[in-house]
Amino acid sequence: MSSASTAAPGSSASTGSSTNPAPSARPVLSVRDLRVEYHTDTGVVRAVNGISFDLMPGERMGLVGESGSGKSTVALALMRMIRRPGRIAGGQLLLDGTDLVPLPERAMRARRAREIAMIPQGAMNSLNPVARIEDQIIDTLEDHSDGRTSKRALLDRAREALESVGLRREVGRMYPHELSGGMKQRACIAIAVAMRPKVVIADEPTSALDVVVQRQVMDTIVRLQQELQVAVILIGHDMGLMAQSVDRLAVMYAGKLAELSPIRDIFAEPLHPYTDLLIESLPKLEDRGTFRGIPGLPPSLKSLPPGCLFHPRCPRVMDVCRTTVPAYREHRPNQFAACHLHEEHHGEADH
Ligand SMILES: Nc1ncnc2c1ncn2[C@@H]1O[C@H](COP(=O)(O)OP(=O)(O)OP(=O)(O)O)[C@@H](O)[C@H]1O
């Protein structure tokens, strides 16, 4: 498998070992065999088809994959916010040991924002245009507090949240139209972290921002982890941006995890040919920044091919890949993948 040299992780954001969770720490979130389906008139869309991973306290994990691979559906499922025609069809979402899947909606509502929060796609465009930023943070705090916290204390918390994302407290007095795109996105992050949740999911937080501002927003997310010890799941398309911002990267393909590895390993020695192609398709200097796509299209999630879902596009396809679903397992220390190339006995299965 070729190793790619572009966009190798190496920024201070991805290296600080003091920020990494202790190896013995218990996961704050354990996702086990999560399945989400959308029941449409034309068939069942298996948007998330059995994924499992652990998120450690204070860890930053990236989730990448082509459009339609199921990333936003994972985010919505973690928040228990899948709406009809969708439903969680199976699996467990263990947040600090409690399975969120069977919780009554009332109990789940008590956990949203307090324990697990999300910055949805396009959040900065849904800020209330006629409310000051600090009032929007206070609204979130009030929605989830016991009603006994004083207005003064709520305001202090709101200002603290603004400062934690690198915004001056005066920004709290402003309205959304007075803020730049990057500031608005940071205000959304402040709203999400105001309750000091253990887990924050940020769905494409930098799309629609220019490159410099993207970097600043990513730096803000890195700071959260360092200052508030929030575990972050960062959803996006941009492997280059992820390389500088996350500890581990999960690669999703057609509703499944193709690979999940520490960011350094994934760039140095990716396990899955799909990861390899994603890295290869990153713009390189000599190509003058042209994006080279991956040939072929992902399968329809309504009629999945047999065997490995990636086999029709895989440059390293073997016979076994056409018939047998590869197990998702740890092939190297901390490097998980679902690929027959790494199965010890794939040669035998092939014949
Ligand atoms: N409400 C819905 N009803 C039916 N199908 C849906 C619904 N929402 C999502 N899907 C389907 O589920 C699959 C996964 O969608 P999802 O939005 O989770 O992907 P994604 O990886 O987040 O894509 P993007 O990067 O474009 O946001 C897609 O095939 C999509 O068409």
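**Reading a sheet and its helices**

Tutor: In this predicted model, let's start with two strands: E10 (residues 256-262) and E12 (residues 335-338) run antiparallel and are joined by 2 bridges. Glutamate 259 stands opposite alanine 337 in E12.

Student: What do strands of a sheet pair through?

Tutor: They pair through backbone hydrogen bonds, either parallel or antiparallel. Here, 8 strands make an open sheet with mixed pairing, in the order E6-E7-E8-E3-E9-E10-E12-E11.

Student: Which are the edge strands?

Tutor: Those are E6 (116-119) and E11 (328-332), each pairing on one side only. Ignoring direction, neighbouring strands of the sheet are turned by 20° against each other on average.

Student: Which strands does helix H2 lie across?

Tutor: H2 (residues 71-78) lies across E3, E6, E7, E8 and E9, and runs at about 150° to E7. H7 packs on the sheet too: it touches E3, E7 and E8, and its direction makes about 160° with that of E8.

Student: At what angle do H6 and H7 pack?

Tutor: Helix H6 (residues 181-193) and helix H7 (residues 211-228) pack at about 25°, with their axes 9 Å apart. Angles under 35 degrees count as roughly parallel, so H6 and H7 are roughly parallel to each other. Their crossing is right-handed. The contact includes Gly181 and Ile189 of H6, and Val217 and Leu224 of H7. Its residues divide into 7 nonpolar, 5 polar and 1 charged.

Student: Which residues does the domain annotation cover?

Tutor: The unreviewed UniProt entry annotates residues 31-279 as "domain: ABC transporter". Over residues 31-279 the chain is 36% helix and 27% strand, with the end C-alpha atoms 26 Å apart.

Note on methods. Residues numbered from 1 in each chain as written. Predicted model: local features only at pLDDT ≥ 70, side-chain atom pairs only at ≥ 80, totals over all residues. UniProt positions renumbered as here; feature names shortened; annotations may be inferred. Helix = DSSP H or I, 4+ residues; strand = E, 2+ residues; numbered from the N terminus. Axes fitted to C-alpha atoms, helices over the stretch in contact; angles between N-to-C directions. Parallel < 35°, antiparallel > 145°, perpendicular 65-115°, else oblique. Left-handed = near helix turned anticlockwise from the far one by under 90°. Contact = placed C-beta atoms within 7 Å. Nonpolar A, V, L, I, M, F, W, Y, C, P; charged D, E, K, R; others polar. Pairing = 2+ DSSP bridges.
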